[in-house]
Amino acid sequence: MSGAEITTDIPARIDRLPWSKFHLLVVVALGVTWILDGLEVTIVGSIGPILKDKATLGLTDQDIGSIAACYVGGAVCGALVFGWLTDRFGRRLIFNLTLGIYMVGVLLTAFAWNFWSFAGFNIITGLGIGGEYAAINSAIDELIPARLRGRIDLIVNGSYWAGAAVGAAGSLLLLSGRFVGIDLGWRLGFGIGAVLSGFILYLRRYVPESPRWQITHGREAEAKQNTDEIERKVGKPLPPAKNTLKVRPRKVFGFGLIIGAMLGKNRGRSFLALTLMVAQAFLFNAVFFTYGLVLTKFYHVQEARAGVYILPLAAGNFLGPLLLGHLFDTVGRKKMIAGTYGLSGVMLVGVSVLFGMGVLTAWTQTFCWMAIFFVASAAASSAYLTASEIFPLETRAMAIALFYALGTLLGGVTAPLLFGHLIGSGSQWAVAGGYAGAAALMIAAAVCEVALGVEAAGKSLEDVARPLSSSG
């Protein structure tokens, strides 16, 4: 049941804050999830050829594609389960729990002994990562001031590629065979991920619960206390908050109410979020889960040197959101989202033709991907930004989870499986056809953004989407 109506200025107080060490703590402690995901995916992509060696696990191309699908499938399930729990029990409890699950999964993966154990442990790892997405994206959006939300979201989501760069660089050392044996080297890569996640789990003890979540769930006193503490940490004179919000808090918002909000009044926004998610998930999972196989099969790159090509590619992907992120707050969401999706799709069409013709080398192929993903990585990050800010606060984590899950299931799971078979066929034109399909999805997403996009730049979350508990 709803509680008595209250009037609060907490959202306005959070949005008026200047950038501070507190916000940097939030970004580092929560945003590291994307670094861990990038590390995991890139290590799997880089070690794919190594795992085919009889001295390791003796896997096939199809096995490697299936393992990638298991990881992504686990992430889908984790997003759905923990997304609902995040809206029900709060951001802080769940983003600690899911990081713990990830830590256990990646540590177990280091001790995998065959295809089934590797796949099973990757499912556990994926469960943790999928749950993290919903919890951390909702928490970050609710704690970062409105005028900075776009660029911070893009940089945080783009930090995936910092993890990918670390994974690629690490693979060069661990898989070369010069320092440790190749069967030990790939295992150490996963062990490093477990150590890093343990450190971040400790750091998260200093990140508070979202006051926005607390105020809508009947915890007004705690919300005020947390907001007071955040303002104290900022340590600067602050102007008075200008706006107030009237809400009727509820301890529980039923699943039916949440789904009804997304498929009823907000169904156009739901279609937009799904389209953006599917397009970017298909493109990125198609390329990065299988690029090591493409390099070895079509360009005859030595298995242990795949990371040499993935490292600059990952660096270019990180620079995209880093350098373009501020434009999503200044130029605006609609123009930038449509522009980045459309441009990356058009560029991909050209690269697909060049790849099919066989005129590219390993390095020119990598440089082409760098140019495409400089733009496409900003587009992909904006998909998560869109899903996290265009729905009411009470449904935010579930919305992120649902559209991440659907987008990943439709785009992310199918892409590694499809490209595993396309690469296995040995036909460059078959693989090029897959790339062209990814380009078509990106261009379609750009058109959808033009038609259905929501301009949220610089606006309070409560102005972009009124809370379900709002009474005025």
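User: Is F82 buried or exposed?
Analyst: This is a predicted model, in which local features need pLDDT of at least 70 and side-chain atom pairs count only at pLDDT 80 or more, while totals for chains, interfaces and linings use all residues. Residues are numbered from 1 along each chain as its sequence is written, and side-chain values use heavy atoms, with hydrogens and water left out. Buried means under 20% relative accessible area, exposed over 50% and partly exposed in between, with a 1.4 Å probe and protein chains only. The relative accessibility of F82 is 10%, so F82 counts as buried.

User: Which helix holds F82, and which residues does F82 touch beyond its sequence neighbours?
Analyst: Helices are DSSP runs of H or I with at least four residues, strands are runs of E with at least two, and both are numbered from the N terminus. F82 belongs to helix α3, residues 61–89. Contact means heavy atoms within 4.5 Å. Not counting residues up to four places away in sequence, F82 touches I94, L97, T98, I101, L127 and G131.

User: What separation do the C-alpha atoms of F82 and N157 have?
Analyst: Along the chain, F82 and N157 are 75 residues apart.

User: How many helices and strands does the protein chain have, and why does it count as compact as a globular protein of its length?
Analyst: The secondary structure comes to 20 helices and two strands. The globule rule is 2.2 Å times the number of residues to the power 0.38, and the radius of gyration is taken over C-alpha atoms. For 472 residues the rule gives 23 Å, and the chain is as compact as a globular protein of that length because its radius of gyration is close to that value, at 22 Å.

User: What share of the residues is buried, and what are the spans of the C-alpha trace?
Analyst: Of the 472 residues in the protein chain, those that count as buried make up 60%. Along the principal axes, the C-alpha trace spans about 65 × 45 × 40 Å.

User: What share of the contacts joins residues at least 24 apart?
Analyst: The contacts considered are those in the protein chain between residues at least 6 apart in sequence. Among these, the share joining residues at least 24 apart is 87%.

User: Where does L39 lie, and what is the C-alpha separation of L39 and A164?
Analyst: L39 is in helix α2, residues 21–51, and counts as buried at 7% relative accessibility. Leaving out residues up to four places away in sequence, L39 touches G163, A164, V166, G167 and G193. L39 and A164 are 125 residues apart along the chain, and their C-alpha atoms are separated by 4.8 Å.

User: How many aromatic pairs are found, and what geometry do W161 and F284 have?
Analyst: Rings of Phe, Tyr and Trp (its six-membered ring) pair if their centres lie within 6.5 Å; planes under 30 degrees apart count as stacked, over 60 as edge-to-face and the rest as tilted. A search of the whole structure finds 19 such pairs. In one of them, W161 and F284 are 5.4 Å apart centre to centre with 40° between the planes, and the pair is tilted.

User: What is the geometry of the W369 and Y435 pair?
Analyst: W369 is in helix α17 (residues 362–389) and Y435 in helix α19 (residues 428–452), 66 residues apart. W369 is buried with a relative accessible area of 0%, and Y435 counts as buried at 1%. The ring centres are 5.0 Å apart and the planes are at 80°, so the pair is edge-to-face.

User: Which residues does L452 contact outside its sequence neighbourhood?
Analyst: L452 is in helix α19 and counts as partly exposed at 33% relative accessibility. Leaving aside neighbours within four places in sequence, L452 is in contact with G268, F271 and L272.

User: Where is H300 found, and what is its phi?
Analyst: H300 is in the loop between α13 (291–298) and α14 (306–324). At 65% relative accessibility, H300 counts as exposed. Although H300 is not a glycine, its phi is positive, at about 55°.
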